[in-house]
Amino acid sequence: MRRGWCPTVFAPMPSGDGLLVRVKPPLGRLLAVQARALAAAAARDGNGVLELTGRANLQIRGLTAASAERFARAMVGAGLASPDPAAERRRTVAVAPLADAASLDVAASLEDALTQDDALAALPAKFGFAVALSGIAADVRLYPSGEFWAVWPDGAGIAAATRAPVRAALGLAHAFLAVAPGAARMHDADADALFAAAGLRPALPAPLPLRPRIIGQLPGGFGVGLPFGAVDAATLDRLAACGTLHVTPWRAFLVAAATAVPPDPALILDPADPRRALTACPGRPACAAAAADVRADALALARRFPGRALHLSGCAKGCADPRPAPLTLVAGADGYALVRNGTAADPPVARGLSLGQIAAMIAA
Ligand code: SF4
């Protein structure tokens, strides 16, 4: 994954296995007809696998220059992308999968305002907004708080209380451009200067991140996890028959208003499923840079150590998770390198390990 590049359907990103595109379902919702259109286009134009990202987007790999153009047209036709590439780039609003009507209204208004505000074209590619949603990467956060909204720049720890959350959020985005020109992310800017430039007064402690329960029966539907955060096109097509899919940033869909989903080995329907503890990039054969079929190896280790948190990476890039993990295994020509409490790019404590040797080390 290239740093600073945030692909869209109009701006594919070169990766080890062809071009990668990212689809941003409006308000994080996929109607059945949209999910089917997306599945069909992913199978026809890409490698047929869809990955959920940490910002509740879907990414598809393995496209060519020609198939990426066809894919973009299909997404616009399905209502999953703006026809204007510049507006599509600025549509970076993530909303909680179980958001109420008021939060959805705010998210929709914010998305509209962003696509119309050409001055915000200067925002960095990864700059994003989170509505009623915590625990994901975002630069401006909006959270309902009684009759007000708490709105704050990421990293501030303190929020403005406002009845005009969209105006406040846009104000912070403009303030970022004014007070931190050249900065990559909101948390790099001075929070006091941001509030002052946006004409906001910080008044509330910023709400703390929450990680909701997401697999199984939930108040608003049924949560379905995806092993390694990925689903193949045929499975997505089947899942579309169960109802509208709400995309989450937690490697899961919420099937709205459903009380059950038919058993399917390609899906995680039980919160105790050991695959939830695994993180792995697509690996071989999907990615040309991969030195091993890391997902198959992760499943083999999970059978011996169910529930053990493991990150397996096909190379030191660590696309699946840039954060440090207790145990990261990085595939190389001579076997796996083992990193403790680090990322795939950190120095390993051992190299050239077979799966059997790794199992013995974990068991010890
Ligand atoms: S981390 Fe995995 S997906 Fe990313 S480049 Fe390396 S092998 Fe490919």
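Here are some notes on this predicted model, point by point.

1. Ground rules. Residue numbers start from 1 along each chain as its sequence is written, and side-chain values use heavy atoms, with hydrogens and water left out. Because the model is predicted, local features need pLDDT of at least 70 and side-chain atom pairs count only at pLDDT 80 or more, while totals for chains, interfaces and linings use all residues.

2. Domains. The chain splits into domain 1 (1-82 + 224-268), domain 2 (99-205) and domain 3 (274-363); these bounds come from an automatic or database domain assignment. Between the C-alpha centres of domain 1 and domain 2 there are 26 Å.

3. Where domain 1 meets domain 2. Here 10 residues of domain 1 touch 15 residues of domain 2, with contact meaning heavy atoms within 4.5 Å. About 930 Å² is buried between domain 1 and domain 2, and carbon and sulfur atoms give 59% of that. Buried area is the accessible area (1.4 Å probe) that two parts lose on being put together, summed over both. On the domain 1 side that touches domain 2, the residues are 6 nonpolar, 2 polar and 2 charged. Ala, Val, Leu, Ile, Met, Phe, Trp, Tyr, Cys and Pro count as nonpolar, Asp, Glu, Lys and Arg as charged, and the others, Gly among them, as polar.

4. Salt bridges. The count between domain 1 and domain 2 is 0, yet a search of the whole structure turns up 14. The rule asks for a side-chain nitrogen of Lys or Arg within 4 Å of a carboxyl oxygen of Asp or Glu. One to look at is Asp118 with Arg90, at 3.2 Å, N to O. This pair joins distant parts of the chain, 28 residues apart: Asp118 is in the loop between α4 (101-116) and β7 (129-131), and Arg90 is in helix α3 (residues 85-90). Helices (H or I, at least four residues) and strands (E, at least two) are DSSP runs, numbered from the N terminus.

5. Ligand shell. The residues around the ligand include Cys281, Cys287, Cys315 and Cys319, along with Lys317. Near means a heavy atom within 4 Å. The shell divides into 7 nonpolar, 3 polar and 1 charged.

6. The Arg284 to Pro285 peptide bond is cis, with omega near 0°; Pro285 sits in the loop between β17 (278-280) and α8 (294-304). Leu27 has a positive phi of about 55° despite not being a glycine, and lies in the loop between β2 (18-23) and β3 (29-30).
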